[in-house]
Amino acid sequence: MSKPLKILFVSGEVVPFAKTGGLADVMGSLPQAVEDQGNEARIMMPKYGIINDRKFRLHDVLRLKDIKVPLGDREELLSVKVTALPSSKIQTYFLYHEGFFKRDGLYTSPSTKKDYQDNDERFIFFNRGVLETLKQLGWKPDIIHCHDWMSALIPAYLKLMYKNDPFFKGTKTIYTVHNLAYQGAFHKSALQKSKLPESEYTPEGLEFYDSFNFMKIGLIYADLITTVSERYAEEIRTDEELASGLKGVLNKRKRDLSGILNGIDENVWSPATDEFIEKQFNADDLAGKTENKKALLKRLKLPYKEGTPVISIISRLVDQKGFDLIVESFDKLMQLDLQFVLLGTGQKEYEDFFRAAEKKYPEKFSATMSFNDELAHLIEAGADMFLMPSKYEPCGLNQMYSLKYGTIPIVRATGGLVDTVRQYKSGKGNGFVFEKYTAGEMMKAIKEALEVYRDQKNWVKIVQNGMASDFSWESSAKKYDALYRKLMEVK
Ligand code: ADP
């Protein structure tokens, strides 16, 4: 039996408590998968106003009340609530400060759609608060595994301010990038709020072009860096646009950077057991899929037409996800024999466009502009195809959910989409892939999928290929475990 390691996961969001994107799904299942490898995992996240104490049975930890957290020239007080992750019993700590976190959104105000003005202070407080909480708690992690900009300062605090603190002796950090484009970039005045040493404010250290950038700081100070697919790990080092200004930093840390593909939570995303869908099904009995298709169309008030495929999208409506291509080719798309269902929220111009499109094509197109987990499951179960024409995609979860539900992905060849979707050809492969980021290429791939769909024998083959894919967390967790052990130099 190998030595169990203590791993603390720190994240701005965790399913089922708070979610804006795929990061939350990962945080809801990776810690358990890491425990299954023989380790002890715990989680820390902010206690947002939207997290319902009663529903999740959060309770106060008396010992962890009014912890002092330095912030600029003042001190703020932090309290901690705790509960077990409902799916797996992983101990989850919620760092609480009413002024900073009792709001309707996580990072952005839902009404104005603007980032909160004080996100620098909120997350400086959170990062520093994590370390102060650990000391009060008396639980010393071997590794603090940080995720995205929201926890990116912890490696710097450990290296620069807690390096002589006996409590953290030997504690190492891993920093995982889930999306390099969201960096937590702030005015340099954040440096003073963080209390990180001014002497380190240089291009090799804390500074990023005269600004305070959480992501850059994480990349510089973490002991190891990972990202969520092998392809994305390569792209962000080589592609100027995808590197979002951090290519130099990433290349400097090339030896410490690796890609580990996310898994999916098969307790939540499995058509054989999914409780949100109309009829459960599996690869040997696909009749249930048609029932889900009928239920989906009925719910969205679209007519069911035998032989007409339903293409779907569930996504944040942002440029990254390829919506400019969809908007550009929308009228042409609507000329094809298909129906199209969309679920998502995001940029106003896209929401407006799809609202108008729904009026123009009432029999063919449906747009639901909300965050609706239950509908997301029914769409995965009922649609025939899933469109993901992303400009870039660090890992992407929806293409994996889609494959598991026999909903064939049509994707652009980027990031994790390359590592999970293989072009269908002569009975082999599980989806349709296009290379160039153009509306023409996307339309070509859609037409190819429609062509194959007409030959149901071939289509069943591709559906079964997709459903047979293995995206369980186990293989990813093994890779993280190997990395933890390499870092701690233990077997
Ligand atoms: P990203 O993290 O970039 O948003 P991913 O594909 O990794 O993209 O993860 C997106 C997650 O968010 C998936 O679980 C997807 O189903 C979910 N999601 C996105 N928008 C919605 C929505 N409007 N309603 C329900 N789920 C959504």
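**Ligand site**

I started at the ligand: 19 residues are around it, and K19, G22, R316, K321 and S370 come nearest. I count a residue as near if one of its heavy atoms lies within 4 Å of the molecule. Before going on, I note that this is a predicted model, so local features need pLDDT of at least 70, side-chain atom pairs count only at pLDDT 80 or more, and totals for chains, interfaces and linings use all residues. Numbering runs from 1 along each chain as its sequence is written, and side-chain values use heavy atoms, with hydrogens and water left out.

Next I looked up polar side-chain atoms facing ligand oxygens. R316 has a side-chain N or O atom 2.8 Å from an oxygen atom of the ligand. For N398 I get 3.2 Å from a polar side-chain atom to a ligand oxygen, and for D25 I get 3.4 Å.

**Two domains**

I then took the domain assignment, which gives domain 1 as 6-263 + 473-489 and domain 2 as 287-467; such bounds come from an automatic or database assignment. Their centres, taken over C-alpha atoms, are 33 Å apart.

The area buried between domain 1 and domain 2 is about 1500 Å², and carbon and sulfur atoms give 57% of it. Buried area here is the accessible area (1.4 Å probe) that two parts lose on being put together, summed over both. K113, R231 and L261 supply 26% of what domain 1 buries against domain 2, more than any other three residues.

I see one salt bridge between domain 1 and domain 2. E351 also turns up in a salt bridge with K113, closest N and O atoms 3.5 Å apart; the rule wants a side-chain nitrogen of Lys or Arg within 4 Å of a carboxyl oxygen of Asp or Glu.

Last, I checked the backbone. Most residues other than glycine have a negative phi, and most peptide bonds are trans. The V15 to P16 bond is cis, with omega near 10 degrees, and P16 sits in the loop between β1 (6-10) and α1. D210 has a positive phi, near 60 degrees, in the loop between β10 (207-208) and β11 (211-213).

Definitions and conventions: A polar contact is a pair of N or O atoms within 3.5 Å; within protein, one must be able to donate a hydrogen and the other to accept it, and residues adjacent in sequence count only if both atoms are side-chain atoms. Helices (H or I, at least four residues) and strands (E, at least two) are DSSP runs, numbered from the N terminus.
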